[in-house]
Amino acid sequence: MTTADAGLVSRGLVRRFGGITAVDGVDLAVPPGRITALIGPNGAGKSTLFDCLAGAARPDAGQVLLAGRDITRLPDHARARLGLARTFQQIAAFPGLTVEQNVRVGAEQRTGGTARGLLGLPAPGRAAARAATDRALRLLQLDQVRDWPADRLPTGALRLLELARALAATPRVLLLDEPAAGLDPAQTTRLGTVLRALAAEGLALLLVEHDVELVARLADTVYVMAAGRVIASGPVRRVLADPHVARAWGAA
């Protein structure tokens, strides 16, 4: 696999807060067509690494590459235009908008519109944004509540709404921060089905998840962080069976 085909890559990523090194020289690859998981105890540096990859935080050293392009210094909105989408640990929905309008925001971010509407887009852009919105709503089974105000949705449906908004941006890389939090068993099953289908279409997925059973079912590759460093990585079954990983997890 060439660098340009490698999806999202970090090289020697470092992020410090005062005298604390939260991310300490992390190398990570999120290839297309695969589900990659990032796990570790609380305080391991997962969220900080995630923010550096997404553009919410700027690393002190190292590189972030998207399809071979150095995006280390680009802000999050510029990364979104290049095909990097994310969800958040704390659900970030627009309560004053309908479900459809929330999802459409993601489509507009990729096609050049704004949250205020599609009128500023040329006709092909409007059609593409509407098609992406409709597809995301269908995938997450939200089409029947598309006209509901977002603040009417329960927590699990809001989590799926946020994922639908990210998918509407038609990303090449999708970063998921605890996507199963708040989902009931049926919704978790639906989530897994959708993520597997997206990977089969060639999307590169990285998920930060505390549900190790879900990681074991979904992920192809897993990275384990502790104290800011990657202490193990590789095929999910092998890594999760590693006693060193179990000890690090027990130290949380």
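Guide: Gly156, Ala157, Leu160, Leu163 and Leu167 in H5 meet Gln187, Leu191, Val194, Leu195 and Leu198 in H6, where contact means heavy atoms within 4.5 Å. The residues of this contact divide into 8 nonpolar, 2 polar and no charged; Ala, Val, Leu, Ile, Met, Phe, Trp, Tyr, Cys and Pro count as nonpolar, Asp, Glu, Lys and Arg as charged, and the others, Gly among them, as polar. The model is predicted, with local features needing pLDDT of at least 70 and side-chain atom pairs pLDDT 80 or more, while totals for chains, interfaces and linings use all residues. Residues are numbered from 1 along each chain as its sequence is written, and side-chain values use heavy atoms, leaving out hydrogens and water.

H5 covers residues 155-168 and H6 residues 185-200; helices are DSSP runs (H or I, at least four residues), numbered from the N terminus. Their axes come within 11 Å and cross at roughly 10 degrees. Axes are lines fitted to C-alpha atoms over the stretch in contact, with angles from 0 to 180 degrees between N-to-C directions. H5 and H6 are therefore roughly parallel to each other, a label for angles under 35 degrees.

Leucine 139, in helix H4 (residues 123-139), touches Leu167, Arg190, Val194 and Leu198, not counting residues up to four places away in sequence. Leucine 139 and threonine 193 are 54 residues apart in sequence and 9.6 Å apart in space, C-alpha to C-alpha.

Methods. Helix = DSSP H or I, 4+ residues; strand = E, 2+ residues; numbered from the N terminus. Parallel < 35°, antiparallel > 145°, perpendicular 65-115°, else oblique.
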